[in-house]
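Trainee: Could you walk me through this model before I set anything up?
Mentor: Gladly, let me put the sequence and structure up.
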Amino acid sequence: MTGNGAALDVEGLSRSFGDLRAVDDVSFTVPGGLLTGFVGGNGAGKTTTMRMIMGLLALHGGEVRWNGAPITAGDRRRIGYMPEERGLYPKQKVLDQLVYLGELSGMSRADARSAVMVTLERFDLADRAGERVEKLSLGNQQRVQITAALMTTPDALILDEPFSGLDPRAVDSMTDLLREHAARGIPVLFSSHQLDLVERLCDRLVILSRGRVVASGSVDDLRSRGPVRYRTTLGGDAGWIRDVGGIHVVDLDGTTALVEASDPPALQRLLRAAVERGDVLDFARHVPALSEVYREVTA
Ligand SMILES: Nc1ncnc2c1ncn2[C@@H]1O[C@H](COP(=O)(O)OP(=O)(O)OP(=O)(O)O)[C@@H](O)[C@H]1O
């Protein structure tokens with residue numbers, strides 16, 4: 001998938017904190033028009049990478065490029081960013097705060113007001129616009145924070161854990177909004193720990209582990225890139241499969257085995273032996289779930 005429109009490129013980014021190399025030679029592209037998920041365990045380096053993209057943290061190596069040229073402060077001002085630390089003023093009213101943020105990014109007061117109300121409406125929050133932020137639940141504060149990143153019709157979106165703390169309806173609204181923004185041709189990068197959601201939502205993903213990119217591509221690419229495996233279920237105990245030459249048993253659970261074959265003849269030997277022994281209930285190519293791929297590449 002190549003996407004369309006603008007592109008954000010991260011090339012060889014590195015960042016250390018003391019002796020810790022938090023981000024180590026990280027490269028990936030966030031193509032316009034597609035949703036790119038950024039996943040990795042706690043401390044993998046996602047937030048640090050996003051902060052470097054936004055120019056909030058000095059780069060110790062590498063470069064961020066926007067449409068093929070080194071990114072400028074002006075380019076960054078046109079990016080909708082949702083930081084990990086949510087920076088809302090608790091005492092200020094929702095609408096006043098969002099309109100102020102819109103004006104800061106160059107919108108007129110009237111435009112900011114109507115853009116805010118349209119986005120709040122999408123999150124079922126329009127009727128809370130006059131309330132102080134601190135009176136909202138955490139999930140609703142999260143929606144206000146997202147509104148701040150989306151309301152300026154940004155040229156790109158960099159969102160740090162936008163789905164955390166959202167209820168299922170808000171996840172759906174957020175998903176629709178991200179898709180609409182991507183459909184304008186802009187690059188959208190969001191981090192998440194929720195693999196099921198990333199699998200459902202993303203066009204592409206980048207997996208980070210200990211500061212390094214360990215896999216990237218479309219969900220289908222990643223799922224089909226691993227070793228070719230077969231799952232078989234037999235009428236009786238499948239333990240004997242371990243003794244078939246050229247067959248590596250990856251997992252065995254009673255009558256079901258997950259296997260890799262060193263070559264096609266080995267697979268045929270396995271099948272013949274299984275048929276001779278009696279009932280083969282099931283035999284199929286096993287395409288791993290994203291969660292399996294994730295566990296393997298981050299192990
Ligand atoms: N300002 C800092 N000073 C020292 N160490 C830092 C700083 N910021 C991040 N780190 C360390 O860098 C590593 C990467 O952190 P980062 O927050 O980028 O990870 P993450 O992938 O966003 O994690 P999480 O999913 O838990 O938010 C961690 O080991 C973290 O403790």
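Mentor: Helices (H or I, at least four residues) and strands (E, at least two) are DSSP runs, numbered from the N terminus. This is a predicted model, in which local features need pLDDT of at least 70 and side-chain atom pairs count only at pLDDT 80 or more, while totals for chains, interfaces and linings use all residues. Residues are numbered from 1 along each chain as its sequence is written.

Trainee: Switching to the ligand, what surrounds the ligand?
Mentor: Counting a residue as near if its C-beta atom, placed from the backbone, lies within 6 Å, the shell consists of Phe-17, Leu-20, Ala-22, Gly-40, Asn-42, Gly-43, Ala-44, Gly-45, Lys-46, Thr-47 and Thr-48. The elements that give two or more residues to this shell are β2 (20–31) and α1 (46–53).

Trainee: Which element gives the most?
Mentor: α1 does, with 3 residues.

Trainee: Now α4, which of its residues are buried?
Mentor: With buried meaning that 20 or more other C-beta atoms lie within 10 Å of a residue's own, C-beta atoms being placed from the backbone, they are Ala-112, Val-116, Thr-119 and Leu-120. These residues are on the same side of α4, because they cover an arc of only 100° around the axis, the arc being that of the directions from the helix axis to the C-beta atoms.

Trainee: What do they pack against?
Mentor: The buried residues of α4 pack against α3 (94–104) and α5 (138–150), where a contact means C-beta atoms, placed from the backbone, within 7 Å.

Trainee: What follows α4?
Mentor: Asp-124 follows α4, and its phi is positive, near 55°.

Trainee: And the chain overall, how many helices and strands?
Mentor: The protein chain has 10 helices and 14 strands, and buried residues make up 35% of its 299 residues.

Key:
Buried ≥ 20, exposed ≤ 12 C-beta atoms within 10 Å, placed from the backbone. Contact = placed C-beta atoms within 7 Å.
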